[in-house]
Amino acid sequence: MMYELVTILALFAVQIADVWTTNQILARGGRELNPIMKWIMDKTGDQWSVVKVAAALIVAAFLWTNGNISAVWIITAITGLVALNNYRVLRGMR
């Protein structure tokens, strides 16, 4: 039970970190480099973060129910690296 809770909390935390750092970069004149996210942002406006986090949670739920929790951790790690890179970019913009 604790492992499952930690997995979901970690996934959610890195999603929030990615959204926050992306918003900070955009507010300072930066741009989205991921073409898929750029398309989503163009189509959904200010609601892009809701779509992004919801999509990540849906994919994670699908993987989880199919017994592939390790894939959820891979997604979490990749998103964490993206958020870390965003943070580095953000620090360079200040």
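Here is a friendly note on the predicted model above, taken point by point.

1. **Ground rules.** Residues are numbered from 1 along each chain as its sequence is written, and side-chain values use heavy atoms, with hydrogens and water left out.

2. **Overall layout.** The chain has four helices and zero strands, where helices (H or I, at least four residues) and strands (E, at least two) are DSSP runs numbered from the N terminus. Read from the N terminus, the order of elements is α-α-α-α. Taken along the principal axes, the C-alpha atoms fill a box of roughly 40 × 30 × 15 Å.

3. **Surface and burial.** Of the 94 residues, 31% are buried; buried means under 20% relative accessible area, exposed means over 50%, and partly exposed is in between (1.4 Å probe, protein chains only).

4. **Reach of the contacts.** Take the contacts between residues at least 6 apart in sequence: 74% of them join residues at least 24 apart. A contact here means heavy atoms within 4.5 Å.

5. **How do the axes of α2 and α3 cross?** Helix α2 (residues 35-44) and helix α3 (residues 48-65) have axes that come within 8 Å and cross at roughly 130°. The axes are lines fitted to C-alpha atoms, for helices over the stretch in contact, with angles running from 0 to 180 degrees between N-to-C directions. So α2 is oblique to α3, given that angles under 35 degrees count as roughly parallel, over 145 as roughly antiparallel, 65 to 115 as roughly perpendicular and the rest as oblique.

6. **Who makes that contact.** From α2 come Met37, Ile40, Met41 and Thr44, and from α3 come Trp48, Val51 and Lys52. By class, this contact has five nonpolar, one polar and one charged residues. In this scheme Ala, Val, Leu, Ile, Met, Phe, Trp, Tyr, Cys and Pro are nonpolar, Asp, Glu, Lys and Arg are charged, and the others, Gly among them, are polar.

7. **The aromatic pair.** The structure holds one aromatic pair. Tyr3 and Trp73 form it, in a tilted arrangement with 6.4 Å centre to centre and 40° between the planes. Rings of Phe, Tyr and Trp (its six-membered ring) pair if their centres lie within 6.5 Å; planes under 30 degrees apart count as stacked, over 60 as edge-to-face and the rest as tilted. The pair links distant parts of the chain, with Tyr3 in helix α1 (residues 2-27) and Trp73 in helix α4 (residues 69-93), 70 residues apart.

8. Tyr3 counts as partly exposed because its relative accessibility is 46%. Trp73 is also partly exposed, at a relative accessible area of 28%. Leaving aside neighbours within four places in sequence, Tyr3 is in contact with Ile69 and Trp73.

9. **Is Thr76 buried or exposed?** Thr76, which is found in helix α4, has 6% relative accessibility and therefore counts as buried. Apart from neighbours within four places in sequence, Thr76 is in contact with Ala10, Leu11 and Val14.

10. **Phe62, for contrast.** Phe62 sits in helix α3 and is exposed, with a relative accessible area of 56%. The C-alpha atoms of Phe62 and Val72 are separated by 9.5 Å, and the two residues are ten apart along the chain.

11. **Two more residues to look at.** Lys38 is found in helix α2 and, at 37% relative accessibility, counts as partly exposed. Between the C-alpha atoms of Lys38 and Ser49, eleven residues apart along the chain, the separation is 11 Å. Asn23 belongs to helix α1 and is partly exposed, with a relative accessible area of 33%.

Key:
This is a predicted model: local features need pLDDT of at least 70, side-chain atom pairs count only at pLDDT 80 or more; totals for chains, interfaces and linings use all residues.
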